[in-house]
Amino acid sequence: MRGLLQLFAAYGNFLLFGFLELLALILVVSFNQRQGAIWDNSWGMATAALDQSADWLGEQWALRDELIKLQGENIRLMEQLDNARYSNAVRQDTFLKDSTEQLFSYIPANVISNSTIGTANYLRLDKGSNHGVRPNMGVVSSDGIVGVVRAVTPHYSQVMSLLHRETRIKAALSNSGYFGTLTWNGKNARLMQLEAIPKHAVVAEGDTVVTSGYSQLFPYGLPVGTVKSFDFSGGGNFYNIQVMLRNDLNKLRYVYVIENEMWKEHKELDEAVNE
Amino acid sequence: MNNTVIWNIIRFFVLLALQGLFLKRISDGWVTGSLYINVFLYPLFILLLPLQTPRTGVLLLSFLMGIGVDLFYDSPGVHAAALTAMGYARALFLSLYEPREGYKLNDKPTPAGLGMNWFMKYSASLMVLHLLVYFSVDAFSPIYILGILLRTFFTFVSSMAAVLIFVFIFMPKR
């Protein structure tokens with residue numbers, strides 16, 4: 001109450017001025033035909049604009065739901081592909097036992113932070129162990145491979161980007177099937193290096209580079225990029241191949257984490273060998 | 001002091017009647033049937049209020065005068081909005097044009113009281129403000145801005161002439 005009185009003492013004249021002006025303007029639009037018509041018209045336009053903004057917001061929310069639905073749809077389709085399934089086909093005499101089991105399944109995720117500037121880049125996803133993400137899972141987008149999960153928390157996961165000086169991913173030339181190791185020299189965010197393709201392989205500019213399938217991370221045949229140039233500058237028996245990435249890691253938004261359903265068997269085998 | 005109050009009350013009704021009964025007919029083309037001149041003399045009432053008038057009183061009186069003129073012009077609120085704005089701005093312009101030695105107790109806001117130069121600045125500023133607000137509220141849309149400015153200019157010339165004539169007839173220099 002005291003504060004209110006002080007307010008009136010300090011701004012009383014201004015408040016009175018505002019009140020009188022408001023009163024006058026209400027009289028103007030209520031009792032003058034022309035000004036009243038202009039007012040009604042403008043008010044109608046303003047509320048229509050407000051309506052439109054509200055509609056737009058609603059549409060954005062509907063789009064978000066649509067996006068989640070489409071991600072689920074994509075996963076269903078990707079998991080149907082041959083390279084995501086384990087084939088039991090074995091020929092025994094004339095009897096062909098042919099059935100498949102799920103080998104790779106996908107978890108949709110959104111990129112919430114990303115960098116492509118340094119030589120050791122990471123990105124962060126909004127899915128974690130609560131959603132089934134574990135370390136050492138591959139990450140792909142609709143345009144190609146992105147990286148490998150390094151660490152997870154219940155809600156988030158840290159992904160080592162392809163653009164990391166320690167990246168070693170087996171990749172193959174899809175024409176010839178020769179495979180090598182994909183590395184990054186830290187210079188250009190669109191160019192990676194494919195090493196250890198032997199000299200006797202036939203390489204041409206524009207050849208497609210795909211994942212080799214020789215790892216538990218990625219299914220066979222996911223797109224990586226195309227051969228941009230190649231030489232033998234090292235002087236050895238292997239090509240130096242520059243690969244133009246198909247995926248632009250600078251504008252990544254939606255990705256899929258790849259889960260290998262048979263990772264436990266691989267682990268058991270690894271342990272058996274190491275003993 | 002009492003004398004001043006009575007004079008201001010008389011001036012209120014004289015200016016209101018002059019504006020509503022005489023000057024309005026000029027703007028309706030009364031004189032020759034073809035001449036349309038807006039002359040606004042009634043803001044003079046606010047201009048001539050004593051310097052010591054409380055700001056609240058100035059605001060209420062300007063609203064009252066505006067409503068009174070609106071009754072004659074059949075435009076409820078338009079003159080009131082403009083004159084209230086002018087009444088609020090009066091204190092601002094008074095402090096803006098305050099003489100170096102400040103206002104004295106017996107100073108009157110007239111050419112005789114504070115000088116012709118001071119009165120011209122003071123009345124012209126407030127008259128421009130009043131007319132701008134008046135024609136803006138009258139047009140009620142920014143798309144008429146050119147018309148608003150033209151009317152403000154021509155009405156300013158005629159109104160200031162009327163204000164000066166009134167002041168020199170009724171308040172000659174002593």
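Which residues of chain B does UniProt list for "transmembrane region"? The unreviewed entry gives residues 5-23, 29-49, 79-97, 118-137 and 143-171. UniProt positions follow the numbering used here, feature names are shortened, and annotations may be inferred rather than shown by experiment.

This is a predicted model, in which local features need pLDDT of at least 70, side-chain atom pairs count only at pLDDT 80 or more, and totals for chains, interfaces and linings use all residues. Residues are numbered from 1 along each chain as its sequence is written, while chains are lettered from A and ligands numbered from 1 in the order in which they are written.

Take two of the listed spans. Residues 118-137 of chain B are 100% helix and 0% strand, and their end C-alpha atoms lie 29 Å apart. Residues 143-171 of chain B are 90% helix and 0% strand, with 41 Å between the end C-alpha atoms. Helices (H or I, at least four residues) and strands (E, at least two) are DSSP runs, numbered from the N terminus.

Now turn to chain A. Its secondary structure comes to three helices and 16 strands. Of its 275 residues, 24% count as buried, meaning that 20 or more other C-beta atoms, placed from the backbone, lie within 10 Å of a residue's own.

Two helices of chain A pack together. The axes of α1 (residues 2-31) and α2 (residues 33-80) are 5 Å apart, at an angle of about 95 degrees. Axes are lines fitted to C-alpha atoms, for helices over the stretch in contact, and angles run from 0 to 180 degrees between N-to-C directions. So α1(A) is roughly perpendicular to α2(A), a term that covers 65 to 115 degrees. A:V28, A:V29 and A:S30 in α1(A) meet A:Q35, A:G36 and A:W39 in α2(A). Contact requires C-beta atoms, placed from the backbone, within 7 Å.

Where do the chains meet? The contact takes 16 residues from chain B and 14 residues from chain A. On chain B, α3 (55-73) and α4 (78-96) each supply at least two residues. The largest share, six residues, comes from α4(B).

Last come the cores. A nonpolar core is a set of buried Ala, Val, Leu, Ile, Met, Phe, Trp, Tyr and Cys residues joined through C-beta atoms within 7 Å. The largest has 44 residues, and A:A171, A:V243, A:V257 and A:I258 have the most contacts inside it. Strand β8 (residues 144-152) of chain A gives the most to this core, with five residues. Another core lies apart from it, with 40 residues, among them A:L27, B:V39, B:L48 and B:L126.

Notes
Contact = placed C-beta atoms within 7 Å. Buried ≥ 20, exposed ≤ 12 C-beta atoms within 10 Å, placed from the backbone. Parallel < 35°, antiparallel > 145°, perpendicular 65-115°, else oblique.
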